Number of protein chains: 2
Amino acid sequence: MQILLTNDDGIYAPGIAALKHTIQDLGQITVVAPDVEQSGVGHSITFSHPLRIREVHLHNEFIGYGVNGSPADCVKLAIYDVVKHKPDVVISGINLGSNVGIHILYSGTVAAAVEAAIMGYPSIAVSFEISEQYTDIQGAASVARRVIELIVTHRLPAGSLLNVNIPSLPPDQIKGIRITRQFAHDFKETFEKRIDPGGKAYYWLKGTNKSVHREEGTDINAINEGYISITPLRYDLTDNNLHKKIEGWDWKGIVS
Amino acid sequence: MQILLTNDDGIYAPGIAALKHTIQDLGQITVVAPDVEQSGVGHSITFSHPLRIREVHLHNEFIGYGVNGSPADCVKLAIYDVVKHKPDVVISGINLGSNVGIHILYSGTVAAAVEAAIMGYPSIAVSFEISEQYTDIQGAASVARRVIELIVTHRLPAGSLLNVNIPSLPPDQIKGIRITRQFAHDFKETFEKRIDPGGKAYYWLKGTNKSVHREEGTDINAINEGYISITPLRYDLTDNNLHKKIEGWDWKGIVS
C-alpha cells in the first residue's frame, strides 16, 4: 500500500513523526509536509510565488520532503512530482489539537485531506485533542493506527474523506467510536483587545470553551464525552435546500 | 439597511470601490477589508499574531478600515469591534476573477461570506470573471447591484450564503441568471517546473482552462455560457450518505 503522509504542523512536528513511526509497516510511506507550521491556514493555495521541494533530514536520517507552502500545496505537489506511485490513501496528521465543528473550515490538516479527495484519492485527517492533563502523542498514534487499519480494510471509495478526532485520554480510557456530523454552529469566538506600549490597540483571537457544546451526534460532543469522532466530509458546498427555495424568486428582471 | 462590505483583493482594489460606489444608496455601508491582497488564502484565520485595524484614506477621503489579516479575520473583527450596528447583510467582493467549482474552497472572497454566515448573518460573495476581451468592473458592479437588490428584497435567512459570479460580458449581453450548484470535480491543475539560475527546481501552480467543463446546472457552466451564476452554499461539510454507509462498519474492535 502506498501512503502519502502530510500535516499542517510542519515536517518536524511530533505528530507526523509519531504517526509515521506507528504505521510504517502498513505500506510504503512518503512524507511531504510544510517546512514550517501552517496551522489555521485553511484551504489556502500558493500561486503568487513559486514552490520549492527540499529533502529533509533529522538526526542523519531522511524523513521526507519539505515544501514552502500550505498543506493543500503539499498534496498537489507531492502527487505531481514527488511520489513515484499514486497513493492508495492520503493521511494528514496527527494534528496537535482537535479539528471539529467550524474549525474544520480553518484547518490546514483537513484542507490537505480535502485536496486529496478532490484529486480522487481516499483520505483521512487525524487530529488529537491535547489538554494539560494528557499529551501523549504516542498513545494517540497507536489509536490512530487501529482506526486507519480498519478504514483501509474497508477500501474507502476514491474521493472520500474521513475526519478523525481522538479525545485527550489514554488509549485504555477511550470509550469507543462515534460516527458523527460536523457541529455546524458558531463557537462565538471573540477577540481580546489590548493596548501596545505606543498606545495603539491590537486584537488577539480568543479560543472558546468547546466543552459547553453538547449537541448529540456531533464531532465535538463525541470527543467531549471521551469517544473517537469520525466524520465523513464532502467538498461540494452546494446548499440543495436553499437552491430549491431561491429558484422560485423572480430573477427575470435582473437582465433585460 | 446596514451593509458590511469586505473582499480578498484588499481595501484599495478596484472591485470593492466600484461596488461600494454603486450600492451606496442602498444603506449604511462599512468597509472592513484586508490591507493587502489575500487571494487564495481560503478560510484562513489569524491567531499566531495580533490583528490591527487602521482607518484608510484615499485622495483625502475616508474609505474604510484596513486589517492586517485574512478576509475571514476582517468579518470577525468588524462585527466584534468596528460596526456600530449589526449588519443586515455582509457582502464580499467584487472579486476580480470568478470563484466557481473547487476554487470556492480556495477563495478568500467566499471565505469572508462563509464566516459571516457562520456568525448568523446573511451574506453574498460577488465575483467577476475577467478576460482579456472584457474588463469593465463598473459594468459588473451595476449588474451586481441589481442582484443584491433582489436578494435583500427577499430577506435572505440568517446564516444563508449566496455565491454570485458574473460572466465576462457587457451587462446588455448577459443572457440571464441561473441558480446553480458547485462544479465539484477536480480542475486538474498542474505545476510548471522551472530551473532557477542556480540550477535548482521551482514550481509554479498553473491554472486550467475552465471553459472545457460543460456539466449542466453547475456554476462554471453558467458563466461559460454567458449567464450570471448564483449558487447557495452551506458550511456544514458532513457527507450524510457516507455517514450512513460507514456506520455499518465493524468499529467495535478499535477500543477494547
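How many residues of chain B are in contact with chain A, and with how many residues of chain A? In the predicted model, 60 residues of chain B are in contact with 60 residues of chain A. The side of chain B that touches chain A is made up of 36 nonpolar, 14 polar and ten charged residues.

Chain A contains seven helices and eleven strands. Its C-alpha atoms occupy a box of roughly 65 × 50 × 45 Å along the principal axes. The radius of gyration of chain A is 20 Å, which agrees with the value near 18 Å that a compact globule of 256 residues would have. Of these 256 residues, 53% are classed as buried. Contacts in chain A between residues at least 6 apart in sequence were also examined by their separation, and 75% of them join residues at least 24 apart.

Helix packing was described for each chain in turn. In general, a pair of packed helices is characterised by the angle between the axes and by the distance separating them. In chain A, helix H1 (residues 14–23) packs against helix H5 (residues 137–153) at an angle of about 50°, and their axes are 9 Å apart. H1(A) and H5(A) are therefore oblique to each other, and their crossing is right-handed. H1(A) contributes A:Pro14, A:Gly15, A:Ala18, A:Leu19, A:Thr22 and A:Ile23 to this contact, while H5(A) contributes A:Ile137, A:Gln138, A:Ala141, A:Ser142, A:Ala144, A:Arg145 and A:Ile148. Eight of the residues in the contact of H1(A) with H5(A) are nonpolar, four are polar and one is charged.

In chain B, helix H1 (residues 14–23) and helix H5 (residues 137–153) pack with their axes 9 Å apart and at an angle of about 50°. This angle makes H1(B) oblique to H5(B). The crossing in which H1(B) passes H5(B) is right-handed. On the H1(B) side, the residues involved are B:Pro14, B:Gly15, B:Ala18, B:Leu19, B:Thr22 and B:Ile23, and they meet B:Ile137, B:Gln138, B:Ala141, B:Ser142, B:Ala144, B:Arg145 and B:Ile148 in H5(B). The contact of H1(B) with H5(B) comprises eight nonpolar residues, four polar residues and one charged residue.

Helix H4 of chain B (residues 108–118) is mostly covered, with eleven of its eleven residues buried. Among the buried residues of H4(B) are B:Thr109, B:Val110, B:Val114, B:Glu115 and B:Ile118. After H4(B) comes B:Gly120, which has a positive phi, near 100°.

Note on methods:
Residues are numbered from 1 along each chain as its sequence is written. Chains are lettered from A and ligands numbered from 1 in the order in which they are written. This is a predicted model: local features need pLDDT of at least 70, side-chain atom pairs count only at pLDDT 80 or more; totals for chains, interfaces and linings use all residues. Helices (H or I, at least four residues) and strands (E, at least two) are DSSP runs, numbered from the N terminus. The radius of gyration is taken over C-alpha atoms; the globule rule is 2.2 Å times the number of residues to the power 0.38. A residue is buried if 20 or more other C-beta atoms lie within 10 Å of its own, exposed if 12 or fewer, and partly exposed in between; C-beta atoms are placed from the backbone. Two residues are in contact if their C-beta atoms, placed from the backbone, lie within 7 Å. Ala, Val, Leu, Ile, Met, Phe, Trp, Tyr, Cys and Pro count as nonpolar, Asp, Glu, Lys and Arg as charged, and the others, Gly among them, as polar. Axes are lines fitted to C-alpha atoms, for helices over the stretch in contact, and angles run from 0 to 180 degrees between N-to-C directions. Angles under 35 degrees count as roughly parallel, over 145 as roughly antiparallel, 65 to 115 as roughly perpendicular and the rest as oblique. A crossing is left-handed if the near helix is turned anticlockwise from the far one by less than a right angle, and right-handed if clockwise.
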